[in-house]
Each structure stands twice: as structure tokens, then as C-alpha cells.
Amino acid sequence: MNGTVHGLAEQRLRQISQRYTSGRREIVELLARAGNPVSIEDIAERAPRLPRSSAYRHLVDLQQAGVVRRVAANDDHSRFELAEDITEHHHHLLCTSCGGVIDVTPTPAFEKAMARYLDDMTNSNGFVSSDHRLDVIGTCATCRDGRMEPGAITEAAGSRRPRRD
Ligand SMILES: [Zn+2]
Ligand SMILES: [Zn+2]
């Protein structure tokens, strides 16, 4: 699997006349290992020898080559992951408050229903779809907890935690 990832990355970079340098390879390896979208801060933490400016440049080149995809709830929080055709089709839950991203893989039934709705929508516009992206924007569980009154948090830390599920 990992060999395939690097092979694809090299091939796609070559198509835009770029070389698969050790720095780019390090980024791809890091993204493959992470298994979920990472921020530039995460990259700096996990690859401390790689200057942040180089990491950013590599990400731009890898995006251009179609190896990496940017995932973001808003302009403040960018995260990066390997392109979906290298990994697998999935969706994202994006927190606008902390920038957190949760990868979610819907059930086949969901994907089937969604494809049907999307076909209706695209066909009536004479558009042929090849793929779709669906990212859900909102607030994650951690940020929702953080928004409770200070008193409520103390109380929640005890045994009676208010739950709304
Ligand atoms: Zn959050
Ligand atoms: Zn889908």
C-alpha cells in the first residue's frame, strides 16, 4: 500500500515536471501514517527538521500534482490529506471553532441514496458528475463542552453530565 502511495506521488509529480524530493516524500509519508487530515502545526511537530516554509511549499506542489488535498472549515484552519483516489472515498466533519476534522465513511446505503439525489440534481443541469465531496460544517464535541457555563463544567465533571443524545 505504502509503495503504491509513493509510486503514485512520484508519477503525478513527474506529470507536472516536478521531482519527488526527500522533503516531499517525508510529507507524503507523514500524511499516509497520520490517517486523518493534519495541520501545518501537526507537520511541524512530527517533522521538526523540515522548515515550515518548505513544508508549506511542498504541500502546494503536492496539491498541484493531485497528491494532496486541502480540507478546511474556514480560512483560519487548513488541514491536508492524501487525495481521495489514493486513499478511499470519505467525508468530513469540520469544526469551525477549533479547526478539528473528523473523517467519516458513510454506509453504502447512504452513498447510494446520495448518488441518486445528486444524479437528479446534475442531470437536470445537463451535468455529468464523476465524484462528489460533502463536508459537514459545525462544532465538535470538545468545543461544545467548552462552551458550557464554568459551573456546568464543574458539575459535569462529577457524575451528572447533561447529555442530549
Ligand atoms: Zn472543535
Ligand atoms: Zn460520498
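1. Setting aside the residues up to four places away in sequence, Val 67 contacts Ala 9, Arg 12, Val 28, Leu 62, Leu 82, Ala 83 and Ile 86, a contact being a pair of residues whose C-beta atoms, placed from the backbone, lie within 7 Å. The model is predicted, with local features needing pLDDT of at least 70 and side-chain atom pairs counting only at pLDDT 80 or more, whereas totals for chains, interfaces and linings use all residues. Residues are numbered from 1 along each chain as its sequence is written, while chains are lettered from A and ligands numbered from 1 in the order in which they are written.

2. Val 67 also belongs to the largest nonpolar core, which has 21 residues, and the members touching the most others are Ile 27, Leu 31, Leu 62, Val 67 and Val 68. Such a core is a set of buried Ala, Val, Leu, Ile, Met, Phe, Trp, Tyr and Cys residues joined through C-beta atoms within 7 Å; buried requires 20 or more other C-beta atoms within 10 Å of a residue's own, exposed 12 or fewer, and partly exposed a count in between. Two or more residues come from each of α1 (2–15), α2 (22–34), α4 (52–64), β1 (68–74), β2 (77–82) and β3 (91–95), where helices (H or I, at least four residues) and strands (E, at least two) are DSSP runs numbered from the N terminus. Domain 1 (1–88) and domain 2 (90–165) each supply at least three residues to this core, their bounds coming from an automatic or database domain assignment.

3. The axes of α2 and α4 are 10 Å apart and meet at an angle of about 80°, the axes being lines fitted to C-alpha atoms, for helices over the stretch in contact, with angles running from 0 to 180 degrees between N-to-C directions. The two helices are therefore roughly perpendicular, a label given to angles of 65 to 115 degrees, with under 35 roughly parallel, over 145 roughly antiparallel and the rest oblique. Gly 23, Arg 24, Ile 27 and Val 28 of α2 meet Ser 54, Ala 55, His 58, Leu 59, Asp 61 and Leu 62 of α4.

4. Glu 26, also in helix α2, is partly exposed, with 18 other C-beta atoms within 10 Å. Beyond four places in sequence, Glu 26 touches Ala 47 and Leu 50; the C-alpha atoms of Glu 26 and Ala 47 are 7.9 Å apart, although the two are 21 residues apart in sequence.

5. Gln 18, in the loop between α1 and α2, counts as partly exposed because it has 16 C-beta neighbours inside 10 Å.

Conventions
Contact = placed C-beta atoms within 7 Å.
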